[in-house]
Amino acid sequence: MPVKSSLRTTVSIATLICAFGALVLVTPAYAGKPVGSGKGAESEQTGGADETGIHSAVRIEYTGSVAPNGGSGNVTSTDVNWSPPPCWYAPYLGAKDFKKEMSAKIKDAASAPGMTGTPGAAIGQTRAHYEDGFGWADHPGYEDYNVAKDGEGMFWAGVENPDEPDILKRSSCTELPFWVDNGEAPPPRYERAITPEILAALAYQHMELPGTEVTLAPAQTTKVNLPTWAWLDKTDFHEIRATASINVPGFALTATTTAKPMTLKLEPGTPDAETYPASGECGFDEDGSIGEPYAKGKADQTPPCGIRYLRSSGDGTFDLQATITWDIAWTGTGGTGGDLPDGAFENAQAVTVQEIQSINR
């Protein structure tokens with residue numbers, strides 16, 4: 001079932017004061033936020049109309065293998081320098097709804113205590129920008145909030161990624177809301193305007209990969225110096241897909257992120273152990289399985305994927321870490337596509353190792 005992430009932007013009095021208080025003849029700034037931002041808001045939020053009758057169009061729908069309730073998934077990028085976008089610009093409101101919201105916010109900001117001098121002038125310029133056609137380099141102004149073009153396009157605004165922990169990054173899409181005609185691309189200066197690649201990164205962030213509990217023989221309890229076979233059945237792991245899409249009047253984009261399992265890495269949970277192969281990385285076979293199931297008569301053989309513990313776990317257990325690395329790519333609207341950093345998901349399982357040297361065959 002599709003999961004909709006409604007990231008409705010809002011413009012508060014505090015936002016206006018902050019954005020324009022120190023700016024007069026310089027490009028103003030605006031930071032759009034999802035509903036409840038700063039109050040523990042989650043990706044899954046309610047869209048539609050509120051008591052003002054204003055509808056937000058900023059809604060991303062996630063389908064496929066994604067985390068429930070629109071939450072962040074369990075995949076971790078193996079590239080420590082990569083992260084999902086902290087914010088982006090996306091369709092927000094039509095002209096009439098935008099006028100209703102923005103004019104009210106500007107009025108509230110202008111009437112707030114202390115709104116004189118530079119802050120007052122900046123707010124006045126914001127009003128002139130949307131009402132009287134006041135503009136500046138690369139930022140044309142609007143007449144009456146572009147109401148004459150209602151239905152022919154939308155105002156776009158900055159949207160925060162609620163799963164970005166760094167507030168400075170999350171609130172860095174600071175351009176004022178801007179108009180985009182239906183069927184047209186946003187001006188190139190808005191480098192973070194929503195694209196299939198951004199949607200692919202968001203699908204990556206919400207992707208839910210299966211667990212990695214491997215089958216062991218002996219199961220759970222093994223013996224010192226006894227090779228422990230490890231494997232994953234081909235039915236356990238397969239190609240995983242997650243899709244993110246946005247669809248509003250005059251604008252639609254989609255991107256699908258695909259993850260394919262590549263390797264299983266075993267970490268015994270103690271330095272007193274050996275892995276098979278020595279690197280601990282077991283590759284997937286052509287049929288999608290990994291390793292080889294243990295069968296009677298193989299006790300003297302070296303497992304293609306496994307572990308040999310060299311000492312007892314005593315009264316406790318060793319935490320065997322099994323990490324699957326996934327090759328991740330994406331495709332999107334307009335024939336776009338490419339690669340994303342490999343993803344990883346690990347799972348720990350307790351292994352008891354007993355001090356028994358003999359092997360029963």
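Tyr-309 is buried, and Phe-318 is buried as well, where buried stands for under 20% relative accessible area, exposed for over 50% and partly exposed for what lies in between, computed with a 1.4 Å probe on protein chains only. The centres of the rings of Tyr-309 and Phe-318 are 5.3 Å apart and their planes stand at 10°, so this pair is stacked. Rings of Phe, Tyr and Trp (for Trp the six-membered ring) are taken as a pair if their centres lie within 6.5 Å, with planes under 30 degrees apart called stacked, over 60 edge-to-face and the rest tilted. This is a predicted model, in which local features need pLDDT of at least 70 and side-chain atom pairs count only at pLDDT 80 or more, while totals for chains, interfaces and linings use all residues. Residues are numbered from 1 along each chain as its sequence is written, and side-chain values use heavy atoms, with hydrogens and water left out.

The structure holds 18 aromatic pairs. In one of them, Tyr-142 and Phe-155 have ring centres 5.2 Å apart and planes at 70°, so the arrangement is edge-to-face. Because Tyr-142 lies in the loop between α3 (117-131) and β5 (153-160) whereas Phe-155 lies in strand β5, this pair ties together parts that are 13 residues apart in sequence; helices (H or I, at least four residues) and strands (E, at least two) are DSSP runs numbered from the N terminus. Tyr-142 and Phe-155 are both buried, and they belong to one aromatic cluster together with Tyr-92, Phe-98, Tyr-130, Tyr-145 and Trp-179.

The strand pairing can be followed from β11. Strand β10 (residues 240-248) and strand β11 (residues 251-267) pair in the antiparallel sense over 9 bridges, two strands being paired if DSSP finds at least two bridges between them. Val-248 has Phe-251 of β11 as its bridge partner, and in the hairpin of β10 and β11, with 2 residues between the strands, Gly-250 takes a positive phi near 80°. β11 also pairs in the antiparallel sense with strand β16 (residues 318-332), over 12 bridges, and here Pro-261 stands opposite Trp-326 in β16. A further antiparallel pairing joins β11 to strand β13 (residues 281-283) over 3 bridges, with Lys-265 opposite Glu-281 in β13.

Which charged side chains meet in a salt bridge? A salt bridge is a side-chain nitrogen of Lys or Arg within 4 Å of a carboxyl oxygen of Asp or Glu, and by this rule the count comes to 8. Among them, Asp-181 and Lys-149 meet at 2.7 Å, N to O.

Arg-311, at 37% relative accessibility, counts as partly exposed, as does Asp-272, with a relative accessible area of 31%. In another salt bridge, Glu-292 and Lys-298 meet at 2.4 Å, N to O; Glu-292 is partly exposed, with a relative accessible area of 32%, whereas Lys-298, at 15% relative accessibility, counts as buried. Glu-239, Arg-241 and Lys-260, for their part, are linked in a network of salt bridges.Finally, the structure holds 3 cavities of 30 Å³ or more, a cavity being a set of points on a 1 Å grid over the protein atoms alone where a 1.4 Å probe fits but cannot get out, with lining residues having an atom within 4 Å of a point. The largest cavity has a volume of about 60 Å³, and of the 13 residues that line this cavity, the closest to its centre are Trp-156, Val-180, Asp-181, Asn-182 and Phe-251. β5 gives the most to the lining of the largest cavity, with 3 residues.

Definitions and conventions. 1 Å grid on protein atoms, 1.4 Å probe; cavity = no way out; pocket = protein on both sides within 12 Å on 5 of 7 lines; lining within 4 Å. Points joined across faces, edges and corners; volume = space filled by probe spheres on them.
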